Amino acid sequence: MAFAGEWKQDAKGWWYQNDDGSYPVNSWQDINSKQYYFNESGYILTNTSTPDGKQVGADGSMVQAPLFDFDISDSHVKYTKHEISTDYDGNACVIVYYGFTNKANEAQSALGSGSYITAYQNGIECDSTIASSSNNAIDNYYKNVMPGITLNVAEAFKISDKSDVTLILEELWDWSSNKKTSKAILNLN
């Protein structure tokens with residue numbers, strides 16, 4: 001018969017006792033598919049940074065870094081989520097949501113900014129498309145916002161199947177050899 005570990009709590013906080021009676025100390029441990037950091041006394045850290053620089057939330061589990069967090073001179077885009085949907089022709093598409101922050105000196109939209117996203121699936125560029133059902137984030141992609149304002153926006157790309165999608169983020173208006181780029185992989189399964 002196998003025994004599972006269990007969470008325990010006392011006046012100092014939460015700790016985890018493994019099924020063999022031991023408990024993690026000064027280390028990360030995977031518990032039910034979440035990562036937790038335990039301090040020198042064996043208690044989980046919450047709402048803070050761990051000694052190795054990672055973040056943990058209110059429940060003590062590791063806060064996952066966003067899939068992309070792209071910062072250039074006129075804008076900042078930070079991934080929030082993605083979903084599979086259909087476009088206006090009934091084709092499958094992936095909708096990529098992100099926070100768009102205007103860092104320019106004048107109003108601009110995500111569409112008109114220097115941050116540009118290209119999607120690839122199976123090594124082939126995905127066409128941009130219009131999702132069949134509109135939502136605020138998709139509509140926001142075209143809206144100008146004042147400097148310093150962050151707005152949740154979305155873009156849709158046609159997909160051929162449920163294999164991974166590679167997103168390439170690049171600085172559109174920089175033609176130098178130091179052009180900033182970033183890569184992220186969307187797992188659609």
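How far is the sulfur of cysteine 126 from the closest cysteine sulfur? It lies 10 Å from that of cysteine 93, too far for a bond. With a disulfide taken as a pair of cysteine sulfur atoms within 2.5 Å, the count comes to zero. Both cysteines are buried (under 20% relative accessible area; exposed is over 50%, partly exposed in between; 1.4 Å probe, protein chains only): cysteine 93 sits at 0% and cysteine 126 at 9%.

This is a predicted model, where local features need pLDDT of at least 70 and side-chain atom pairs count only at pLDDT 80 or more, while totals for chains, interfaces and linings use all residues. Residues are numbered from 1 along each chain as its sequence is written, and side-chain values use heavy atoms, leaving out hydrogens and water.

As for the sheet, strands (DSSP E runs of at least two residues, numbered from the N terminus) pair if DSSP finds at least two bridges between them. Four of them form an open sheet in the order 11-10-14-15, with antiparallel pairing. Strand 11 (124–125) and strand 15 (181–186) are its edges, each pairing on one side only. Two bridges join strand 10 to strand 11, and glutamine 121 stands opposite isoleucine 124 in strand 11.

Notes
Helix = DSSP H or I, 4+ residues; strand = E, 2+ residues; numbered from the N terminus.
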